[in-house]
Amino acid sequence: MKHILLPEADESIKYYRANLHCHSTISDGGKTVEQLKRDYMKNGYSIIAFTDHEAFVPHNDLTDENFLALNGYELSINEEGRSDGEDNRTCHLCFIALDRNNFKDVCYHRTKYIWGDTQKYRDRIVFDENEPDFERVYTPECINEMIRRGREGGFFVTYNHPTWSLESYPEYMSFHGMHAMEISNFASIVAGWDDDNGHCYEDMLKGGERLYAVAADDNHNRVPDTDPACGSYGGYTVIASPSLQYEDVTGALLNGRFYASTGNYTEKGPEILSLIYEDGRVKIKTSDARLIQIMHNTRCCHAKNALTGEHINGAEFDVDQDAKWFRLVVTDNQGFKAYTSAYFLDKLT
């Protein structure tokens, strides 16, 4: 049976570049939401999920025929410890509303957690007046309860930058139920952290989680766009959707119709042009690449390499039928990578 995992773009399906983790002057970012829309569109983006810290402030007014604003917010759960917080572990989650008219904060506290410039927007936050304040504690039980509330409240839940968060195997393996994790967080990488998280992603897959892989900027824009330390335009998710309508795009997120890619301000990362699984084989078409890899939860992994100075534009691989899942990674001549999410064989056979 033929499964079109990522379709070729045509009149019915287009690919839209999205930044799914973004901060503005509403919290601790250096640009307004209007400036972010302008500058990201200049750099080929059609979608931004505005995920300011702790403040769920919708931005439907920014949406037009060429741009979609996804509404969201980022929540942090901090470990108690050193007073300056620098060595304390933390867990960060982004909640992205699946419905443009969902405005309700599902983990709200009336007096805690909102800080800095976000305080100015407290009166715009919608929450259930009948619900008690939600207290955050850095424990797996609390974090999993927040993930559960996010999903049941109608949000796409992502787990963010585990390396920057100082979370290692014992921590992230105790978190369950998120839709996706950041396989790459660009702002953390340019600031010095090794937040290229393929091993973390595979750990969670091997531990039984069924989650997607996204890449995101997590931009704060405190330096000019042309500064090498700028955290914009380097980690993005490319979404296959019939349109830029809000629910079309969030439906594509829920169904895994996307891939993650990395680049920088001047260079875009690899493109995945199509991905098909049929009769135990997977076929991928790409932009110019020097290396394409297929990985399983087993030791059965394969690669296709370009000759020195040349490039390839696709590959075909046998999929290990004893494996639970496979995923692919595409690397171009600049070293930038594109990642598929994991595909589970029990859904394909």
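A salt bridge here is a side-chain nitrogen of Lys or Arg within 4 Å of a carboxyl oxygen of Asp or Glu. By that rule, the structure holds 21 salt bridges. The model is predicted. Its protein chain has 349 residues, and its radius of gyration of 20 Å agrees with the value near 20 Å for a compact globule of that length.

**Overall build**

- The protein chain contains six helices and 18 strands.
- Its C-alpha trace spans about 60 × 40 × 35 Å along the principal axes.
- Buried residues make up 56% of the 349 in the protein chain.
- Take the contacts in the protein chain with a separation of 6 or more: 65% of them join residues 24 or more positions apart.

**Surface and charge**

- The accessible surface of the protein chain is about 15,200 Å². Carbon and sulfur atoms account for 47% of that surface.
- Side chains of opposite charge can pair when their charged atoms come close.

- Asp225 and Lys31 form a salt bridge, with 2.9 Å between the closest N and O atoms.
- This pair links distant parts of the chain, 194 residues apart. Asp225 sits in the loop between β8 (212-216) and β9 (235-241). Lys31 sits in the loop between β2 (14-22) and α1 (33-42).
- Asp225 and Lys31 are both buried.

**Glu79 and Arg89: a pair in one loop**

- Glu79 meets Arg89 in a salt bridge at 2.6 Å, N to O.
- Both residues lie in the loop between β4 (68-78) and β5 (90-97), ten residues apart.
- Glu79 has 22% relative accessibility, so this residue counts as partly exposed.
- Arg89 is also partly exposed, because its relative accessible area is 26%.

- Arg149 and Glu145 form a salt bridge, and their closest N and O atoms are 3.0 Å apart.
- Helix α2 (residues 140-152) holds both partners. They are four residues apart, about one turn of the helix.
- Arg149 is partly exposed, at 24% relative accessibility. Glu145 is partly exposed too, at 24% relative accessibility.

**A shared network**

- Salt bridges with shared partners join Lys31, Arg38, Asp39 and Asp225 into one network.

- Arg17 belongs to strand β2.
- Buried or exposed: which is Arg17? Arg17 has a relative accessible area of 18%. Buried means under 20%, so Arg17 is buried.
- Which residues does Arg17 contact, leaving aside its neighbours within four places in sequence? They are Asn43, Gly44, Tyr45, Ser46, Ile47, Tyr236, Thr237 and Lys268.
- Leu93 is 76 residues from Arg17 in sequence. In space, the two are 21 Å apart, C-alpha to C-alpha.

Notes:
Residues are numbered from 1 along each chain as its sequence is written. This is a predicted model: local features need pLDDT of at least 70, side-chain atom pairs count only at pLDDT 80 or more; totals for chains, interfaces and linings use all residues. Side-chain values use heavy atoms; hydrogens and water are left out. Helices (H or I, at least four residues) and strands (E, at least two) are DSSP runs, numbered from the N terminus. The radius of gyration is taken over C-alpha atoms; the globule rule is 2.2 Å times the number of residues to the power 0.38. Buried means under 20% relative accessible area, exposed over 50%, partly exposed in between (1.4 Å probe, protein chains only). Contact means heavy atoms within 4.5 Å. Accessible areas come from the Shrake-Rupley method with a 1.4 Å probe; for residues, only the protein chains shown count as cover.
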